Every structure is written in C-alpha cells, then in structure tokens.
Amino acid sequence: HNSIVETTGSPWLRLFYQVPLSLKSVFETSFYTVWFVGNDTFSTAFWMLTHLFYGSLLTYGVIYLTRNYKPYYQLIFLFIVLFITTVLDSYLVNFAYGMIMAWMMHNNVVLIRNKITILLVLICGIFLAGFPQGVLPLNFYSMLLFLSTFVTTSIHVHALGSFLIILSIQHFKKLSLIFESTYPQILGR
C-alpha cells in the first residue's frame, strides 16, 4: 500500500491502511470492533458491518416483540421504530423502512393502485435517492437542506428514496415482472 501511495502521491490513498498489523489488532478487529464499534481499519467496506449487525438485531427484536399482536398494532410499533431511528439519526432507519415494506408485503397492503401515481412515486424516489453526498448541493436538491438541522440529510433522504423506489416497483406489476425475469436476477447475483 505504501509503495502505491509513494508512486501515485495520492493524499486520499495515504489516509487508509496506516495502522500497524499485529495479531492482537487482527483478532480485536475481527471479533469485536468491526461488529460492535465500527472499524474499517483492514477494509474500507467494513464501515457498514456494524450497521448491518445492529439492524439485524433490531429487525429480529421487532419481529419477536410484535409477533403476537394484530397487524394494526404491529404497524404502529414499526412507525415508532421509524421515528426513533430518525431521531437517533442512524443508518438503522433503512431497516425501519425495510420492516415497514415487509409488513406491507406480508399483510398484502396495496397503497397505490393508479399507474400514474405509481410512476410519480417512482420518479420521486429516484429524485430523493439521487441526493448528493459529501458536497453541498447548489441545484434543486438544495431545497432539502433544511433537513440538516434535524438529521443527516443524505442518510434519511436516500432511505426514503429507496423505500419509494421499491414501493413503486412492487406495485407496478410490469416493472416487477421485468426485475423478476432471468437476466436481472443474473445481474443481481
């Protein structure tokens, strides 16, 4: 890594993999800090493992706590979880949206029946999912910057956008059939 940094002179690349390796750091990272604290020392992709771990625990916990309740009360609980994860300004908001989507699928809830409305929801979802991250938007996305006083805008706007995209695909049968066909599934693998 260091020889590549010297060759390229990249200040960005110089930020990574600067921790000296030891057997203790490998075990500590592998079995503790990657999962419970969040550590991307050995791979920059590991930043998300903590969120996936806690999100999975959250999902299983919600399923366990609400399994004996009527669907209406389950939905209220899911919206409470969505509110809490939003207030905590956490990536766990993605899991809350996923649990709401799973609840809708399990209970055969169809929110949108009109194809034009489905198309508008899809366009809105694509717009929100395209919110820039890491830079201050100066274009039409700047109208969403008011959210930054409450939450990390990119996390929550991307989560809502993704939810709307999946919701519209689920409700638009022709589009969902395209994604269920062989070639998109091969690409997915």
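## Two loop residues with positive phi

Let's start at N108, which sits in the loop between α5 and α6. The phi angle of N108 is near 50°, a positive value in a residue that isn't a glycine. Keep in mind that this is a predicted model, so what you see on screen is a prediction.

Is N108 buried or exposed? N108 has a relative accessible area of 67%, and exposed means over 50%, so N108 counts as exposed.

A second residue to look up is D89, found in the loop between α4 and α5. D89 isn't a glycine either, but has a positive phi of about 55°. With a relative accessible area of 26%, D89 is partly exposed.

## The largest pocket

Now for some empty space. Rolling a probe the size of a water molecule over the atoms shows where such space is left. How much space lies in the largest pocket? The answer is about 250 Å³.

Which residues line the largest pocket? Click through T59, V62, I63, T66, R67, Q74, L78, G98, M99, A102, W103 and H106. Three helices each give at least two residues to this lining: α3 (49-66), α4 (71-87) and α5 (93-106). The largest share comes from α5, with 5 residues. Sorted by class, the lining has 6 nonpolar, 5 polar and 1 charged residues.

## The second largest pocket

The second largest pocket holds about 200 Å³ of space. It is lined by 13 residues, and the closest to its centre are V109, V110, Q170, H171 and K173. Two or more lining residues come from each of α5, α6 (115-129) and α7 (153-171).

In soluble globular proteins, nonpolar side chains tend to be buried together. In this model, the largest nonpolar core has 26 residues, and F163 and L167 have the most contacts inside it. The helices α4, α5, α6 and α7 each supply at least two residues of this core. Which helix gives the largest share? That is α5, with 8 residues.

Zoom in on L167 to see some of those contacts. If you skip residues up to four places away in sequence, L167 touches M101, M104, L111, I112 and V121.

Leaving aside neighbours within four places in sequence, T29 is in contact with V34, N39 and F42.

V34 is in helix α2 too. Buried or exposed? V34 counts as buried, at 3% relative accessibility. Again not counting residues up to four places away in sequence, V34 touches T29, N39, F46, L49 and T50. Take F46 from that list: V34 and F46 are 12 residues apart along the chain, and their C-alpha atoms are separated by 6.7 Å.

## Aromatic rings

Last stop: the rings. A pair of aromatic rings is described by the distance of the centres and the angle of the planes. How many aromatic pairs does the structure hold? There are 8.

One of them is F36 with F53, which is edge-to-face, at 5.2 Å centre to centre and 80° between the planes. Because F36 lies in helix α2 and F53 in helix α3, this pair ties together parts that are 17 residues apart in sequence. F36 is partly exposed at 39% relative accessibility, and F53 is partly exposed too, with a relative accessible area of 25%. Another pair is Y72 with Y73: their ring centres are 5.5 Å apart and their planes are at 75°, so this pair is edge-to-face. Both Y72 and Y73 are exposed.

Finally, which residues form one aromatic cluster? Look for Y32, W35, F36, F53 and Y54.

Note on methods. Residues are numbered from 1 along each chain as its sequence is written. This is a predicted model: local features need pLDDT of at least 70, side-chain atom pairs count only at pLDDT 80 or more; totals for chains, interfaces and linings use all residues. Side-chain values use heavy atoms; hydrogens and water are left out. On a 1 Å grid over the protein atoms alone, a cavity is a set of points where a 1.4 Å probe fits but cannot get out, and a pocket is an open set with protein on both sides within 12 Å along at least five of seven lines; lining residues have an atom within 4 Å of a point. Grid points are joined across faces, edges and corners, and a volume is the space filled by probe spheres set on the points. Helices (H or I, at least four residues) and strands (E, at least two) are DSSP runs, numbered from the N terminus. Ala, Val, Leu, Ile, Met, Phe, Trp, Tyr, Cys and Pro count as nonpolar, Asp, Glu, Lys and Arg as charged, and the others, Gly among them, as polar. Contact means heavy atoms within 4.5 Å. A nonpolar core is a set of buried Ala, Val, Leu, Ile, Met, Phe, Trp, Tyr and Cys residues joined through side-chain atoms within 4.5 Å. Buried means under 20% relative accessible area, exposed over 50%, partly exposed in between (1.4 Å probe, protein chains only). Rings of Phe, Tyr and Trp (its six-membered ring) pair if their centres lie within 6.5 Å; planes under 30 degrees apart count as stacked, over 60 as edge-to-face and the rest as tilted.
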